[in-house]
Amino acid sequence: MDNIKRAFRLFAILLGLLQAWALQNQYYGDIISYIEIGEAYLHGDFNSAINGYCSPLYSWILAVFLSFSRPSPYWEYPFTIFINFLIYLFTLICFEYFLKEFIRYLNKNSNNSLNTFQEKELTILGYILFIYSSLVMITVLSTTPDLLVSAFIYLIAGILLQFKPGTASKKKYIIFGLILGFSYLAKAVMFPMVFIFLLVGYFLVRGLRQKLSYLILSLITFCLISSPFIFALSKEKGHLTFSEVGKLNYLWRSTKFPEKWDWYDRVPFSSGKPVHLMKKIFDNPTIFKFQNEFRNATYPPAYDISYWYDGAKLQFDLKEQINALISNIHIYYYIFIYSQKELFIIFIFLFYLTGQKIICLKNILKNWFLILPSLCVFFMYSLIVVEERYLGGYVVLLWLSLFSGISLKSKEDSKHVLSCSVLTILTVMLIRFTCMGFDYLSLTAQNLNLGKNANRMWCVANELKKLGLKEGDNVATFIDETNQYWARIGRFRIISEIPLNEETKDFWESNQTKIPEIIKTIAKTGAKVIVTENIPTPLLREAKQKGWRTLGNTNYFALFL
């Protein structure tokens, strides 16, 4: 048994390390904001640090590691991926704690007259689910708190399993409150989930005195951890709030509120009046200037997105809510039935093979305290937006709870059926993981062959410095917000932009008298250069004749003003 655990543990670590190494130059997510929020905390700039969109814990972790290691600009992002890999290892430790408690719980409540999955089979299934949820659904590349949230979910579930037999102590209640508090600081969606977990724990703890002790100690500890940030954020926003991210996602996904900085020009007056206006300096194409906001930020619009939506009002739209729900149901279908079809098919096959479906349902429902929180979070996301990375830890809880409830009549053949089912899942998943591994090896070979040129964002920043741009200089962009890390590497500050969409298309299709006017307007902002990517091929030759320079071997271009 220990050899199986060691083998899967080693496989999980090696595959995670290979993923981290291969994807170290693939930029993703809100990483610039998380790094700079962490820096604001380190420098004591709490006015800038308190953020309504990004939860603080991930920023704190990045800040601590980056301040001690002080990587060069070239290595800063790869080092954040290494930090993610360390979080992945922490998540693996938390998962193993949960799995140990889960198997112990099942062994204490097993029925010897029925054939269920044995410890070895559940261990194999558990590790497969962990690797899939962590490296496929979330990935080490995901520079967001989702891996960290999965770690806390495993810890919470492990403690709930200790509540079930009534063996938990007061010390465990305090630890439970600590974990709940830090899970909220990792990601705001955990705030409502905290009360679901507390309610579940209340029904698991035995005896009225123990229930009261549990509630008091867990709640007080949770409040001690979470309340300082809630108080600071509420003071910053001028109203009681634990986060603004839920409000924003609901606006964008369930009411079709525009995801644009000039939203106030695109919605009815009843939808709110902005508290903070992003200055528009040109129409058709729309050009924004944001020189005076968040001076510590490389790219102010994405530093705290909630800042730009202060004043927007939530309005319920039944039609859009139904559309969002239907869309999210389709995503759940893709996640659970298409992407995880081997799990779904084998579970359905075993369930109908049992011949005693009522007993199976009863066994599954015994794991209600793991299934209920998972279904609650799935329902919450279904109302707004669903992404695979949000669900990682919950998917592991759900599938293990379902498979552990499968029970066959005690016949010799049934043992082989269960073993073959796990072997089938293992084979299919190992093929997927092996293909992933070969892809990562291929990408690693390409990166080694390219050398520093593999880091495209560094190449852009380096070329700009060669052309005379200095740290602290202001720049303007026509680039998607997720591709701005070159500015972080060069320590430049983006103060103006044309959003990369139809507005950018309008710029390149403008007549020859209008383009110089647009460039002159941008120059007045104080930007020293305009950086863009993917100039339309028919216009590339003409653009170069007018001063646009290719930045190294990338598809980025610069026009010095």
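Q: What makes Glu76 and Arg488 a salt bridge?
A: Their closest N and O atoms are 2.7 Å apart. A salt bridge is a side-chain nitrogen of Lys or Arg within 4 Å of a carboxyl oxygen of Asp or Glu, so the pair qualifies. This is a predicted model, in which local features need pLDDT of at least 70 and side-chain atom pairs count only at pLDDT 80 or more, while totals for chains, interfaces and linings use all residues. Residues are numbered from 1 along each chain as its sequence is written, and side-chain values use heavy atoms, with hydrogens and water left out.

Q: Why is Arg488 called buried?
A: The relative accessibility of Arg488 is 4%. Buried means under 20% relative accessible area, exposed over 50%, and partly exposed in between (1.4 Å probe, protein chains only), so Arg488 counts as buried. Glu76, at 5%, is buried as well.

Q: Why do Lys528 and Asp473 fall into separate accessibility classes?
A: Lys528 has 42% relative accessibility and therefore counts as partly exposed, whereas Asp473, at 10%, is buried. The side chains of Lys528 and Asp473 meet in a salt bridge at 3.3 Å, N to O.

Q: What makes the aromatic pair of Phe191 and Phe242 stacked?
A: The rings are 4.3 Å centre to centre, with 15° between the planes. Rings of Phe, Tyr and Trp (its six-membered ring) pair if their centres lie within 6.5 Å; planes under 30 degrees apart count as stacked, over 60 as edge-to-face and the rest as tilted, so this pair is stacked. Phe191 is buried at 17%, and Phe242 is partly exposed at 29%.

Q: Why is the pair of Trp368 and Phe369 edge-to-face?
A: The ring centres of Trp368 and Phe369 are 6.1 Å apart and the planes stand at 85°, so the pair is edge-to-face. Trp368 is partly exposed at 29%, while Phe369 is buried at 0%.

Q: How do you know that the charged end of Lys211 sits over the ring of Tyr202?
A: The charged end of Lys211 is 4.5 Å from the ring centre of Tyr202. The rule asks for NZ of Lys or CZ of Arg within 6 Å of the ring centre and within 35 degrees of the ring normal.
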